[in-house]
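Open the model in your viewer and keep the selection tool ready. This tour goes stop by stop.

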Amino acid sequence: MKKLLALLLTLSTVLSISVFGISAFADEEETRPPTYSFDTALRTTDFAVFGSGIDANMSFSTSKSKKVSGTSLEIKANCTEEMVDDFGGIHLPASALGLESFAGCKIHLSYFITSEYAAASSFAQVFATEPEWDQSDINTTISDRWRKLILEIPADHPNTYLGIKIPMPVAFSGTVMYVDNIYIYDANGELIENLDSYIEPEVTTRATTKEKQTEITVVTQEIVTESGSSGNIVIIIVAVIAVAAIAFVVIMLIRRKNKFY
């Protein structure tokens, strides 16, 4: 009985460490400067409006209106009519980062959909393309708050462009969304260092820091690829359930053992 209890407790501990280890990795990411912080306008020229976004008079610039920290990239449009061709928005070539392609790369970014654009369009997407296609959908039904998105590009998809697809199903004029803190990991899992002079947030006192913090809802979305692979959220949920089940078994065995003494 003692050996069984020891084994169960050990297994429970290992699973707990695994679960919290994944969370710790996510927290560690946020402590490092992102590849694109948009705290200066130095590298905004890496991005360009493409496709139907040109006809919709899309534009972008740095803004302090909404941001996770420092400044963000504000994307606007002045579209006078419905765009039948919905393939337009802004994109970034792999060559801007010194890469041949985004094959095997992983992208994390924060986005803020305005309620005005949410009322005009039911979806938007972050994508990687040419020659393949990979995407992660932006949920426009949840607006006016910061959310996070992850896109993974398979190693055998040598896509040369990373972009945000912004459909214009109706006439629209105003701010579409804000984007901040884009983390780009290369095929070796290494974070590409900051390119646009990241400015460390100023911290004065604990009280002021708490007031200035921006609330971010962390969303691990399904990663849509040709293979239909999903993110790590399923693994985390299964591990949590396993830990709870093991703890329950241990408690019941201990109670049962004490009953006979």
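Where is Pro131 found? Select it: Pro131 sits in the loop between strand E6 (123-129) and strand E7 (133-139). Helices (H or I, at least four residues) and strands (E, at least two) are DSSP runs, numbered from the N terminus. Now show the backbone. The peptide bond from Glu130 to Pro131 is cis, with omega near 15°.

Before moving on, note that this is a predicted model, where local features need pLDDT of at least 70, side-chain atom pairs count only at pLDDT 80 or more, and totals for chains, interfaces and linings use all residues. Residues are numbered from 1 along each chain as its sequence is written, and side-chain values use heavy atoms, with hydrogens and water left out.

**The whole protein**

Zoom out. The protein has five helices and eleven strands. Of its 261 residues, 41% are buried. Buried means under 20% relative accessible area, exposed over 50%, and partly exposed in between (1.4 Å probe, protein chains only).

**Two positive phi values**

Select Asp144, in the loop between E7 and strand E8 (146-152). Its phi is near 55°, a positive value in a residue other than glycine. Asp144 counts as partly exposed because its relative accessibility is 43%.

Next, select Asn181 in strand E10. Phi of Asn181 is near 50°, again positive in a residue other than glycine. Is Asn181 buried or exposed? Asn181 counts as buried, at 8% relative accessibility.

Most residues other than glycine have a negative phi, and most peptide bonds are trans.

**Thr175**

Stay in strand E10 and pick Thr175. Thr175 counts as buried because its relative accessibility is 18%. Show side chains: a polar contact of 2.6 Å joins those of Thr175 and Glu74. A polar contact is a pair of N or O atoms within 3.5 Å; within protein, one must be able to donate a hydrogen and the other to accept it, and residues adjacent in sequence count only if both atoms are side-chain atoms.

**The largest cavity**

Last stop. Select Phe47, Leu73, Ile90, Leu92, Leu109, Val126, Leu162, Gly163, Ile164, Val179 and Ile182, which line the largest cavity. On a 1 Å grid over the protein atoms alone, a cavity is a set of points where a 1.4 Å probe fits but cannot get out; lining residues have an atom within 4 Å of a point. Which element gives the most to this lining? E9 does, with three residues.

Terms used
On a 1 Å grid over the protein atoms alone, a cavity is a set of points where a 1.4 Å probe fits but cannot get out, and a pocket is an open set with protein on both sides within 12 Å along at least five of seven lines; lining residues have an atom within 4 Å of a point.
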